[in-house]
Structures are given as structure tokens and as C-alpha cells.
Amino acid sequence: MTKSIEGIVPVMLTPFTEDNQIDYPGLTRLIDWYLEKGVDALFAVCQSSEMQFLTLEERVALAGFVVKHVAGRVPVIASGHISDDINDQISELSAMAKTGADALVLVTNHLDPKNQGSETFFATLDKLLSALPESMPLGLYECPAPYRRLLTDEELTYCANTGRFVVLKDVSCDLATVTRRVKLVANTPLNIINANAAIAYPAMQAGSKGFSGVFTNFHPELYSWLYHKAASQPQLADELAIFLSLGAVTETLGYPKNAKIYHQRLGTFDSELCRVNKDNVLEKFWGLTVLLDQIHSGTALWQKKIAAV
């Protein structure tokens with residue numbers, strides 16, 4: 001039976017050692033940290049994981065490791081492809097499908113690499129659907145890199161009605177779009193999960209089945225409270241949503257390296273090494289050190305607030 005993908009779904013970081021290998025002991029601690037924070041699923045091998053900078057062998061090993069360590073405690077989903085060539089995509093997806101992930105995620109910009117429109121999208125999609133096992137649950141991800149390829153209503157409805165798709169990570173960052181999409185996929189297995197912190201709470205109220213934004217790497221437990229318990233404390237939820245939205249603006253200051261620095265301080269892993277961002281972000285963004293401290297202390301304050309109700 002397919003596990004429902006909903007709730008708080010962190011976009012996982014990939015810790016590296018100083019010699020640029022995947023740090024599996026650090027990854028173990030990171031997975032445990034997510035689970036201790038009460039997340040509902042994990043998104044391994046995504047943009048936050050630096051998937052465009054991982055070999056296929058590394059991506060397969062990464063997804064397989066996460067699945068094995070999680071051991072069924074929550075569902076694990078993983079992006080299946082980073083190539084544009086259709087044959088390469090089939091090879092990548094076929095390899096990733098064998099990792100044991102609960103859903104294999106198709107990246108929308110690779111279904112239409114040159115942004116040519118729905119005809120190309122459907123042609124690529126149908127080839128991939130034919131090549132993948134029908135028993136494999138699928139997801140969709142409007143990954144912003146190399147370009148943000150949002151689904152049209154027709155494309156989304158088609159995918160939902162196949163019955164094979166269980167989740168869309170929505171990167172529209174637009175409440176009206178999220179609201180419309182929720183209605184479009186009603187009575188299908190496909191859940192819409194918003195990725196934008198600024199609309200996290202109103203999107204949940206509009207029927208988004210959770211949150212899967214980058215700040216799940218800083219305080220997933222606060223988003224979890226917002227999703228699972230906010231209805232009983234609406235005023236507190238409104239106040240928390242403001243803190244979460246403003247904190248998430250820090251994404252623009254060197255993410256994902258800033259999240260790695262945050263976890264380095266927590267003791268989750270040793271190195272801040274980042275393949276996608278080689279800048280000294282603490283030097284480049286003068287206020288970042290203070291902001292990371294404030295996010296940490298603000299998170300602790302909000303943990304106490306929600307524990308008291």
C-alpha cells in the first residue's frame with residue numbers, strides 16, 4: 001500500500017567531509033535530528049541536497065542510505081533525474097527506483113528542458129511513465145534549477161488523473177495558485193505540498209498538505225506545530241507564521257551553506273563544505289552570523305511558547 005506523502009517534508013542537506021566525500025556519520029545524525037523534530041517524511045536527493053553536483057552513484061547511494069537508516073519510520077522520497085537527455089533520464093530513474101524510496105520524484109524542468117511547452121512535457125512524461133514500473137509511486141518537483149518550470153493546470157490534472165502521482169512539491173510561491181491546484185487534484189492520490197515559507201500557513205489553511213521548504217533544515221518542529229496543531233491556537237499560529245516567514249528570508253544569504261553552518265554549530269556534522277556554494281558566506285553576508293544566532297534563539301523561544309499551550 002502506498003504511503004501518503006504529507007505534512008512536514010524536509011528537503012535534506014548532504015553533509016560532506018573536508019575531502020569532499022559524503023559524510024555518512026554526519027548524515028546519520030542529520031536524519032536522527034529530523035526524526036527527533038517530528039517530521040512526517042523526508043525528501044532525499046533534491047536541490048538542497050546539491051543533487052546537480054552529485055554523481056548518479058552518489059545519488060543512488062545517498063537515497064539508499066536514507067531509506068535504510070529511516071527503516072520505515074517515515075516515508076522517504078527522492079528525485080530521480082538531473083539529465084535532459086531522455087535515455088539518460090530513463091537510466092537515472094531506473095537506478096533510483098531500486099533504492100527503496102517510497103516515491104520517485106520527477107523534476108518538471110527535465111520533462112521540458114528547453115521550455116517548449118506542454119507538447120514536449122507530455123511526450124517526455126509518457127516515455128518515462130512507460131519505462132518505470134507501474135507499482136512505483138511518483139512525485140513532481142518544480143525545482144528552481146536550472147529553471148523553474150511550473151506545471152500548467154492541464155499538466156497537473158493529467159498527472160493527478162493517472163493515479164500514479166502522490167505528491168507535488170509546489171514552487172509557485174503563490175497562494176492563489178496553490179489554492180487552485182488543491183481543488184484541481186481533489187479526489188486523486190496527489191497531495192499538493194507548498195515550498196514557500198511566506199505563504200506556509202495560509203497555504204495549509206487552503207488545503208496544502210504540508211510544507212517542504214528550505215527552512216525545514218532549521219526548525220521543522222515549528223512548521224510541524226503549525227500544520228498539526230495550529231487550529232486550536234489561531235492567534236499564536238498567526239504570530240508564529242510571521243516569525244517563520246521573516247526567518248526564511250535568510251535563505252538568500254548563502255543557502256545551503258548557511259544551513260550547514262547552522263548544523264555545524266548544532267554538532268550535527270563537522271564540515272560546512274558545500275559543492276554548490278564555495279563562498280565564505282559569513283564574510284560575504286555581514287549580518288549572517290547574527291541572523292543565525294537569532295534564528296537559533298528565536299526557535300528556542302517558540303519551542304517554549306508552543307510547549308506551554
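Predicted model: local features only at pLDDT ≥ 70, side-chain atom pairs only at ≥ 80, totals over all residues.
Asn-187 occupies the loop between helix 7 (175-184) and strand 7 (191-194) and, at 84% relative accessibility, is classed as exposed.

Most residues other than glycine have a negative phi, and most peptide bonds are trans. The bond from Ala-145 to Pro-146 is cis, with omega near 0°, and Pro-146 belongs to the loop between strand 5 and helix 6 (153-162). The bond from Tyr-255 to Pro-256 is also cis, with omega near 5°; Pro-256 is placed in the loop between helix 10 (234-248) and helix 11 (257-266).

Strand 4 (residues 103-107) is largely enclosed by the rest of the structure, because five of its five residues are buried. In a regular strand the side chains alternate between the two faces of the sheet. Both faces of strand 4 are covered, with Ala-103, Val-105 and Val-107 buried on one side and Leu-104 and Leu-106 buried on the other.

Strand 4 pairs in the parallel sense with strand 3 (residues 76-79) over three bridges, and Ala-78 stands opposite Leu-104. From strand 3 the chain passes through helix 3 (residues 86-97) to strand 4 in a right-handed β-α-β crossover. Strand 4 is also joined by four bridges to strand 5 (residues 138-141), to which it runs parallel; here Val-107 stands opposite Tyr-141.

Conventions. Residues numbered from 1 in each chain as written. Heavy atoms only, no water. Buried < 20%, exposed > 50% of the residue type's maximum accessible area, 1.4 Å probe, protein only. Helix = DSSP H or I, 4+ residues; strand = E, 2+ residues; numbered from the N terminus. Pairing = 2+ DSSP bridges. Right-handed = clockwise from strand over helix to strand, strands pointing away.
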